[in-house]
Amino acid sequence: MELYIDTANLDEIREASKWGIISGVTTNPSLLAKEGRKIDDVIDEIESLVDGPISVEVVSTRADEMVEEAREVAQIAENIAVKIPMTTGGLAAASRLEEDGIACNVTLVFSANQALMAARAGASFVSPFVGRLDDIGADGIGLIGDVADIFAYYDIDTRIISASLRHPKHVHESAMMGAHIATVPYDVLEKMASHPLTDSGLQKFLDDWKSMEGDL
Ligand code: E4P
């Protein structure tokens, strides 16, 4: 499973990209609003830091308008995947855009049927939202497993981005369920990299080494 970073914060992308683990970036209007930045302002730097796809969402809601906006968004950089909301208009837009060679990431997916429809519309990516399902007492990770099984059963090559991840266990379980990609907030990436036994083990190695330094 590949790891994307789910943020529009350049410091976070810059830092995580140094770790050599990031294969793409996902943004959304809320993440950009949090930074007070438009995608045009940050895209050059994101592109210089990360090789893979950068998801940028449209804010139109009608199919024709989504297509028009997506064409503009796709021109901002070479490796843009345009995020299209999972509505019937979004399906129509994604289908037309993919025919024109513009990669789409159908977002706000909360059911296996929505994921199947997005895939049949030709979307390159679908993004089931795990955390938001868990928030309402539903089974977010179960959805990742269902979508992965359906796509494998029917040889569907749309890639599953496990999104709306809140903690390291979501990432682990997404991998076990067969998601192709997990898009992970920076704080969760930090938590994934750390373990108390790593910290205490390292401290003991350093202390033991120091204790015999005089004898060497
Ligand atoms: C990713 O593509 C989504 O925009 C993101 O993961 C949503 O996460 P949230 O539910 O924490 O807002």
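## Nonpolar cores

The largest nonpolar core holds 61 residues, and those with the most contacts inside it are Ile5, Val82, Ile84, Leu97, Phe151, Ile160 and Val184. Helix H8 (residues 140-153) gives this core its largest share, 6 residues. A nonpolar core is a set of buried Ala, Val, Leu, Ile, Met, Phe, Trp, Tyr and Cys residues joined through side-chain atoms within 4.5 Å. Buried means under 20% relative accessible area, exposed over 50%, and partly exposed in between (1.4 Å probe, protein chains only). Helices (H or I, at least four residues) and strands (E, at least two) are DSSP runs, numbered from the N terminus.

Phe151 touches Ala115, Leu116, Ala119, Val126, Ile156, Thr158 and Ile160, leaving aside residues up to four places away in sequence. Contact here means heavy atoms within 4.5 Å. A second, separate core has 5 residues, among them Tyr4, Phe125, Ile161 and Ile181.

## About the model

This is a predicted model, in which local features need pLDDT of at least 70 and side-chain atom pairs count only at pLDDT 80 or more, while totals for chains, interfaces and linings use all residues. Residues are numbered from 1 along each chain as its sequence is written, and side-chain values use heavy atoms, with hydrogens and water left out.

## Ile161

Ile161 sits in strand E7 (residues 159-162). Ile161 counts as buried because its relative accessibility is 0%. Not counting residues up to four places away in sequence, Ile161 touches Tyr4, Asn105, Phe125, Val126, Ser127, Pro128, Ile181 and Thr183.

## The ligand site

The residues around the ligand (a heavy atom within 4 Å) are Asp6, Thr26, Asn28, Lys83, Phe129, Arg132, Ala163, Ser164, Arg166 and Thr183. A side-chain N or O atom of Asp6 is 2.6 Å from an oxygen atom of the ligand. For Lys83, a side-chain N or O atom is also 2.6 Å from a ligand oxygen atom. A polar side-chain atom of Asn28 lies 2.7 Å from an oxygen atom of the ligand.

## Aromatic pairs

The whole structure has 3 aromatic pairs. Rings of Phe, Tyr and Trp (its six-membered ring) pair if their centres lie within 6.5 Å; planes under 30 degrees apart count as stacked, over 60 as edge-to-face and the rest as tilted. Trp19 and Tyr186 form a tilted pair, 5.7 Å centre to centre with 35° between the planes. These two residues are 167 residues apart. Trp19 is partly exposed at 33% relative accessibility, whereas Tyr186 is buried at 15%.

Phe110 and Phe129 form an edge-to-face pair, 5.6 Å centre to centre with 65° between the planes.

How values were computed:
A polar contact is a pair of N or O atoms within 3.5 Å; within protein, one must be able to donate a hydrogen and the other to accept it, and residues adjacent in sequence count only if both atoms are side-chain atoms.
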